[in-house]
2 protein chains.
Amino acid sequence: MTRIVYLNGDYLPEAEAKISIFDRGFLMADGVYEVTSVLDGKLIDFEGHAIRLARSLRELEIASPMPDDRILEMHRELVRLNDIDQGMIYLQITRGNPGDRSFMFPDAAVPSTIVAFTQNVPNLADAPAARTGFKVISIPDLRWDRVDIKTIQLLYPSMGKMLAKKAGCDDSWFVQDGAVTEGTSNNAYIVKGNRIITRHLSSDILHGITRAAVLRFAAEAQYVVEERAFTIAEAQDADEAFSTAASIFVMPVVEIDGKAVGSGKPGPVAGRLRDIYLEEMRKAAI
Amino acid sequence: MTRIVYLNGDYLPEAEAKISIFDRGFLMADGVYEVTSVLDGKLIDFEGHAIRLARSLRELEIASPMPDDRILEMHRELVRLNDIDQGMIYLQITRGNPGDRSFMFPDAAVPSTIVAFTQNVPNLADAPAARTGFKVISIPDLRWDRVDIKTIQLLYPSMGKMLAKKAGCDDSWFVQDGAVTEGTSNNAYIVKGNRIITRHLSSDILHGITRAAVLRFAAEAQYVVEERAFTIAEAQDADEAFSTAASIFVMPVVEIDGKAVGSGKPGPVAGRLRDIYLEEMRKAAI
């Protein structure tokens, strides 16, 4: 089955989906994105992603190409056309194609580019990695200073994933001024007794949609949520660690820089939060 | 006349030059670029740009799609096809199109994407802006920490140009820890008596090809070159200020954050260095 993708109003076979070399997304990384998970053919936390998308666009003064209800409709159409039961929908909006290259933003009449495509992951909820956990390494956080805006400037996170792979690990956690900011494409947490610790919101981390939901469920489940910076040493000494993102839900972290966290196996708190998250989000999926 | 551009081996009308939505340059800003100026139909400092391009590719482990002599040949063909007397050639190389999105680098078998196009600027050497000078504002340097690699992560420099425009100015100079790093797309200098001061090379600035040539010519013309950090206050108190880049050569800066530099008009040192640069580089153009 050929994947059908969405590009500026058209549903196309993926091989036909092409953009101009002058698109600002290609020449200047001038664009933003969202990834929404699909379970049972339904969208997980679509509203959260739509709200964050609108914020990213506003921060960069990129015109929204369509209202949320049409984005929702388009997402559902992609799920239907590609027969997705479990997987992700990737959505990207750029400042469009002004027909030439300039550091100046194009005239407001230049329409934004909007592209979306599915990724089919049949075992997304029952991911094997969730049973063994992630091994992570720490690397310096070299990213720009506004990572709260979900831009497509993903070169360094991609390099971070490759550094982890070369070290025989699954992901990198970024460290800035001695404290963990987040993972390459996820928020980072540690567990100490009844406390769940994750970095406070600022322009230094992505304001995770999955993060917000998991912290809400954690509080409801009587955990104490501490939003503050923590060090790698503190994480290595924690009872558990985990990461969250739309595509991995709650992912146990069992090793940091070669040191086992807790038992060195996925811990009960991460497991419980993953179960609660999946159950609640499946109920609320649309 | 329709502009003819280069894309992965083909010379195409610009409207037909399209890349896959899965290109790593479009989804992850995973690419590098160079801009080479054209004067009298010849390339300015092609070798310098080729050397820096090779370094950028090496730093990111992107395969070079073709040897320098073929890139040179392609540049000359673009000049010929588009009848360019004065202007620029923009060249971009990305990690290519793996056919899907992943933070992992694609298999080495995935070819890099190479695209190049001309920009026709008939008065590039005799630019009106060089007679009036740039007015600049200072803004915080929020870019990532490896701007010595010439990546396409240009969103913040582009935002900086727009902030300058909104302030009625021509460019922004970035400030990091109290000192100027560089302009949005150029290196920054001040002049004090016989001394020309510009920030030392590090991962905090682009290693300008025009910068290297201008500093060489400055030393030959008996100026004292000081490579060190300077503050905005020091720049405002200097005799002159200027910026250099391939597309602006040596550009006088006459105002910084609303304060006139020196006489508030383009100064003699910047003018002299611009003249020497143009004369010498025209002689050496290929």
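How many bridges join strand 1 of chain A to strand 7 of chain A, and in which sense do the two strands run? Two bridges join them, and the strands run antiparallel. The model is predicted. Chain A and chain B bury about 4,800 Å² between them. Over all chains, the salt bridges number 48.

**Sheet in chain A**

- Six strands of chain A form an open sheet in the order 2-1-7-6-4-5, with antiparallel pairing.
- Its edges are strand 2 (10-13) and strand 5 (42-43), each of which pairs on one side only.
- Strand 1 covers residues 4-7 and strand 7 covers residues 113-120.
- A:Y6 has A:A116 of strand 7 as its bridge partner.
- Strands of a sheet pair through backbone hydrogen bonds, in either a parallel or an antiparallel arrangement.

**Interface of chain A and chain B**

- In this interface, 57 residues of chain B contact 57 residues of chain A.
- Carbon and sulfur atoms account for 67% of the buried area of about 4,800 Å².
- B:F26, B:F103 and B:L155 supply 16% of the area that chain B buries against chain A, more than any other three residues.
- Four salt bridges are counted between the two chains.
- A salt bridge joins the side chains of A:R3 and B:D100, at 3.2 Å from N to O.
- Several elements of chain B each supply at least two residues of the side that touches chain A, including strand 1 (4-7), helix 1 (24-28), strand 4 (31-39) and strand 6 (87-94).
- Helix 5 of chain B gives the largest share of that side, nine residues.
- The residues of that side divide into 28 nonpolar, twelve polar and 17 charged.

**Strand pairing between the chains**

- Strand 3 of chain A (residues 18-20) pairs with strand 3 of chain B.
- The pairing is antiparallel and runs over three bridges.
- Within it, A:K18 stands opposite B:S20.

**A buried serine**

- A:S56 sits in helix 2 of chain A.
- A:S56 is buried, because its relative accessible area is 1%, under the cut-off of 20%.
- Beyond residues up to four places away in sequence, A:S56 touches A:V32, A:I149 and A:K150.
- A polar atom of the A:S56 side chain lies 3.3 Å from the backbone nitrogen of A:K150.

**Salt bridges within chains**

- Side chains of opposite charge can pair when their charged atoms come close.
- B:E182 and B:R143 meet through their side chains in a salt bridge of 3.0 Å, N to O.
- This pair links distant parts of the chain, 39 residues apart: B:E182 is in strand 10 (residues 179-183), and B:R143 is in the loop between strand 8 and helix 5 of chain B.
- B:E182 is buried, with a relative accessible area of 3%.
- B:R143 also counts as buried, at 11% relative accessibility.
- B:K135 and B:E255 form a salt bridge at 4.0 Å, N to O.
- B:K135 belongs to strand 8 (residues 134-140) and B:E255 to strand 15 (residues 249-256) of chain B, 120 residues apart.
- B:K135 is partly exposed at 35% relative accessible area, whereas B:E255 is buried at 18%.
- B:E280 and B:K283 form a salt bridge at 3.3 Å, N to O.
- Both residues lie in helix 8 (residues 268-284) of chain B, three residues apart, about one turn of the helix.
- B:E280 counts as partly exposed at 29% relative accessibility, and B:K283 is exposed at 57% relative accessible area.
- In chain A, a network of salt bridges links A:K192, A:R195, A:E226, A:R228 and A:E234.

- A:D45 is not a glycine, yet has a positive phi near 55°.
- A:D45 lies in the loop between strand 5 and helix 2 (46-60) of chain A.
- B:Q222, likewise not a glycine, has a positive phi of about 75°.
- B:Q222 is in the loop between helix 6 (209-220) and strand 13 (224-227) of chain B.
- B:Q222 is exposed, because its relative accessible area is 61%, over the cut-off of 50%.

Key:
Residues are numbered from 1 along each chain as its sequence is written. Chains are lettered from A and ligands numbered from 1 in the order in which they are written. This is a predicted model: local features need pLDDT of at least 70, side-chain atom pairs count only at pLDDT 80 or more; totals for chains, interfaces and linings use all residues. Side-chain values use heavy atoms; hydrogens and water are left out. Two strands pair if DSSP finds at least two bridges between them. Helices (H or I, at least four residues) and strands (E, at least two) are DSSP runs, numbered from the N terminus. Buried means under 20% relative accessible area, exposed over 50%, partly exposed in between (1.4 Å probe, protein chains only). Contact means heavy atoms within 4.5 Å. Buried area is the accessible area (1.4 Å probe) that two parts lose on being put together, summed over both. Ala, Val, Leu, Ile, Met, Phe, Trp, Tyr, Cys and Pro count as nonpolar, Asp, Glu, Lys and Arg as charged, and the others, Gly among them, as polar. A polar contact is a pair of N or O atoms within 3.5 Å; within protein, one must be able to donate a hydrogen and the other to accept it, and residues adjacent in sequence count only if both atoms are side-chain atoms.
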